[in-house]
Amino acid sequence: MKKMIITIVSISIALLLAIGVYNGSKLQHIHIKKEVRIHADLAHVFHQVVYLKNFPKWSPFLEADPTQKIEIKGNDGQIGAQYHWEGNNGKDLGYQEIKKITPNAYIKMECDIKKPFQAKPIFEYTFTQKNNTIVVTQDFTLTSGFIDAFFMGIFGAKKEMEKMNERGLVLLKKCSEN
């Protein structure tokens with residue numbers, strides 16, 4: 001009986017590790033593309049994203065943690081401007097920096113996350129006018145090492161990222177249309 005229990009536990013552990021390795025290998029490069037249609041002026045929508053002072057209006061992270069401390073460094077709305085955050089009682093820490101701007105068309109931001117894990121995701125926003133709406137496309141990419149990807153697979157991080165990115169676009173639409 002004891003041997004059978006040890007065998008079952010060993011097989012279960014091996015199976016969990018195999019699933020973790022399989023999922024981890026798929027999560028070393030995460031790409032999430034979302035879009036939202038907004039009924040507002042193109043320049044207004046663009047300014048909601050390019051001016052980091054506006055991010056608290058549509059940040060899904062601030063919505064999830066309203067006690068988050070934020071600071072903007074550099075010339076807001078310009079390449080090199082940074083949005084720093086510390087939240088979740090010091091357990092979340094990092095910043096995002098504007099790296100490229102094409103007025104009323106494109107913004108690229110790179111993040112440097114220090115906690116709860118280290119990561120350097122990239123957010124790219126494209127703005128397109130179609131009839132009376134602005135289509136904002138958010139292109140998110142994250143490349144990580146196998147160990148980080150392994151744990152992201154175990155904890156379902158990609159689904160959480162997808163939900164947060166989608167929530168951010170819903171909030172962007174809401175604040176841009178009001």
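I started at asparagine 104, which sits in the loop between β4 and β5 (106-115). The model I am reading is predicted. I looked up the backbone of asparagine 104 and found a positive phi of about 60 degrees, although the residue is not a glycine. I then checked its accessibility: asparagine 104 is partly exposed, at 31%.

I went on to asparagine 89, in the loop between β3 (82-87) and β4 (92-102). Its phi is also positive, near 55 degrees, and again the residue is not glycine. Asparagine 89 has a relative accessible area of 77%, and the cut-off for exposed is over 50%, so I noted asparagine 89 as exposed.

Next I turned to the aromatic rings. I found six aromatic pairs in the structure. One of them joins tryptophan 58 and tyrosine 125, edge-to-face, with 6.1 Å centre to centre and 90 degrees between the planes. Tryptophan 58 belongs to helix α3 (residues 55-58) and tyrosine 125 to strand β6 (residues 122-130), so this pair ties together parts 67 residues apart in sequence. I checked both for burial: tryptophan 58 is buried at 3% relative accessibility, and tyrosine 125 is buried at 4%.

I listed one aromatic cluster, formed by Phe55, Trp58, Tyr83, Phe123, Tyr125 and Phe140.

Last, I looked at tyrosine 51. Lysine 53 lies over the face of its ring, 5.6 Å from the ring centre.

Key:
Residues are numbered from 1 along each chain as its sequence is written. This is a predicted model: local features need pLDDT of at least 70, side-chain atom pairs count only at pLDDT 80 or more; totals for chains, interfaces and linings use all residues. Side-chain values use heavy atoms; hydrogens and water are left out. Helices (H or I, at least four residues) and strands (E, at least two) are DSSP runs, numbered from the N terminus. Buried means under 20% relative accessible area, exposed over 50%, partly exposed in between (1.4 Å probe, protein chains only). Rings of Phe, Tyr and Trp (its six-membered ring) pair if their centres lie within 6.5 Å; planes under 30 degrees apart count as stacked, over 60 as edge-to-face and the rest as tilted. A charge sits over a ring if NZ of Lys or CZ of Arg is within 6 Å of the ring centre and within 35 degrees of the ring normal.
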